[in-house]
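Biologist: I am new to this protein. Please show me the model, and then I will ask about its parts.

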Amino acid sequence: MNYNYRYRIKPSESVTDELERHTDTCRQLYNHYLYELRNTDEYLSYTVMQNILPDLKDWWDELNDVYSKVLQMVARRVSDNLDRLKEQKENGHKVGMLTWKSPREYRSLTYNQSGFELKNTSGQTILELSKIGKIPIHLHRDIPDDARVKQVTVKQEKTGEWYATFGIETEDSTPKKPALDEVARENMVGIDVGIIKYAHDTDSTMVGSLDLESEYRRLDREQRALSRKQEGSQNWHDQRRRVARIHARIVRKRRDFLHKLSAYYAREYDLVAVEDLDVHGMMQLPSNSRNRASASWRTFIDFLEYKCDREGTHFVKVEPEGTTQECAECGVEVEKGLWVREHSCPTCGFETDRDENAAYNVLQRGLSELGVGYAEVTPAETALPTSVTGGPSTVVDAKCVVETGSPTLKERTASAVSE
């Protein structure tokens, strides 16, 4: 399996200057490839861009100072970006052209297969990069002994900090997923995501949203201070770094929260169903866009998908439209505004929390998508520990009152299984 391990590095002042010089040379090479693409009638493939590097080195002396594999990865970067544009165009999207990169937009370089080495010198781990030098690295977690390091990407964040990302490959194989017809109801979960309650699942587990209000207030203050500085001055650059550090802290807290929450669901269940939200479309709505952006639902879904694949858990995304309004017991549409937080069906009498009803519908649609049947509605009482998510969690009992002759979810489940 392939993993990415990210570590903090602390280069000396001289090595930092070399890193910045090599990164800027790669940026200029990237822009040169774009210039060639715009001034030639032929498509430049990765192989062609790679083959013209020796000719470029004849008159471009700075290229000789950069490790050859690093220059080849610049060509790979251009080629990959062109492939993404082509794919989007084939899918019906309007695409433009690749734009030239400024120094603030191009901050990384990649060593692929060779040119790097990890050493342990007097108890200090050192990352040695060819034609750059030795850099102390903080290995906060060990790289597995059986792992092969395929490449190293060194990047400077907007805060000025440097990080090294190791692309490693291990012999571990993906765990085999259990047969769908053998997955017990208590090992299935449907998840409804929101803003006030970040997640509410079919086991009555509620996870509160991450509280970042204090960070956002501080960010607003620092951004106002930045707006009063003269752009380009030393004070402006210092203040810009302060703003960048707050942004980075917010991102780290959010990603830590999402990683822990997605890991919990991927490890605790054999089948996970979530809504396939159109986050881009939701961001176009006229209000509350900041909270929607801060929720990072798409990131959570992406994390959950790859973690389920890694843990051998079935994962399915379903159509989100109508999950809140539809009754999970009888299927009747029960219209309710955003301020109505309880679901009460006038047809069958089913009463529960609004978000829990949506979670039941998500699970039912997921099982239907997989061709399994329907899930029983009665929730199990399980709670997500606060230490796992960093946010509050509460268990709510759902009441199921059926006063109709229509088959219940449990009966439909038994019927689907017998068929």
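This is a predicted model: local features need pLDDT of at least 70, side-chain atom pairs count only at pLDDT 80 or more; totals for chains, interfaces and linings use all residues.

Biologist: How many helices and strands make up the secondary structure?

Modeller: Helices (H or I, at least four residues) and strands (E, at least two) are DSSP runs, numbered from the N terminus. By that reading the protein has twelve helices and 15 strands.

Biologist: What share of the residues counts as buried?

Modeller: Buried means under 20% relative accessible area, exposed over 50%, and partly exposed in between (1.4 Å probe, protein chains only). The protein has 419 residues, and the buried share is 42%.

Biologist: Among contacts between residues at least 6 apart in sequence, what share joins residues at least 24 apart?

Modeller: Contact means heavy atoms within 4.5 Å. Among the contacts you describe, the share is 69%.

Biologist: How much space lies in the largest pocket?

Modeller: A 1 Å grid is laid over the protein atoms alone; a pocket is an open set of points where a 1.4 Å probe fits, with protein on both sides within 12 Å along at least five of seven lines. Points are joined across faces, edges and corners, and the volume is the space filled by probe spheres set on them. For the largest pocket this comes to about 1800 Å³.

Biologist: Which residues of its lining are closest to the centre of the largest pocket?

Modeller: Lining residues have an atom within 4 Å of a point. The largest pocket has 44 of them, and the closest to its centre are N4, R6, T165, R255 and H259.

Biologist: Which element gives the most to the lining of the largest pocket?

Modeller: Two or more residues each come from β1 (2-9), β6 (148-156), β7 (162-169), α6 (234-268) and α9 (297-311). With twelve residues, the one that gives the most is α6.

Biologist: How many residues of that lining are charged?

Modeller: Asp, Glu, Lys and Arg count as charged; Ala, Val, Leu, Ile, Met, Phe, Trp, Tyr, Cys and Pro as nonpolar; the others, Gly among them, as polar. The lining has 14 nonpolar and 13 polar residues, and the charged ones number 17.

Biologist: Which residue in β7 is the bridge partner of Y7?

Modeller: Two strands pair if DSSP finds at least two bridges between them. β1 and β7 run antiparallel, joined by eight bridges. β1 also runs antiparallel to strand β5 (residues 133-138), with two bridges, and there I9 is partnered by I137. In β7, the partner of Y7 is A164.

Biologist: Which residue in β10 stands opposite A199?

Modeller: Strand β9 (residues 197-201) runs antiparallel to β10, with three bridges. In strand β10 (residues 205-208), T205 and V207 point one way, M206 and G208 the other way, and all are buried. Opposite A199 stands V207.

Biologist: Is S204 buried or exposed?

Modeller: S204 lies in the loop between β9 and β10. It has a positive phi of about 65 degrees although it is not a glycine. Its relative accessible area is 1%, so S204 is buried.

Biologist: Is Q113 buried or exposed?

Modeller: Q113 sits in the loop between β2 (108-112) and β3 (116-121). It too is not a glycine, yet has a positive phi, of about 75 degrees. Its relative accessible area is 54%, so Q113 is exposed.

Biologist: How many disulfides are there?

Modeller: A disulfide is a pair of cysteine sulfur atoms within 2.5 Å. C327 is buried at 1% relative accessibility. The cysteine sulfur nearest to that of C327 belongs to C345, 3.7 Å away, and C327 is in no disulfide. The count is zero.

Biologist: Leaving aside neighbours within four places in sequence, which residues is N361 in contact with?

Modeller: N361 lies in helix α10 (residues 354-370). Its relative accessible area is 0%, so N361 is buried. With those neighbours left aside, its contacts are T323, E326, C327 and A328.

Terms used. Residues are numbered from 1 along each chain as its sequence is written. Side-chain values use heavy atoms; hydrogens and water are left out.
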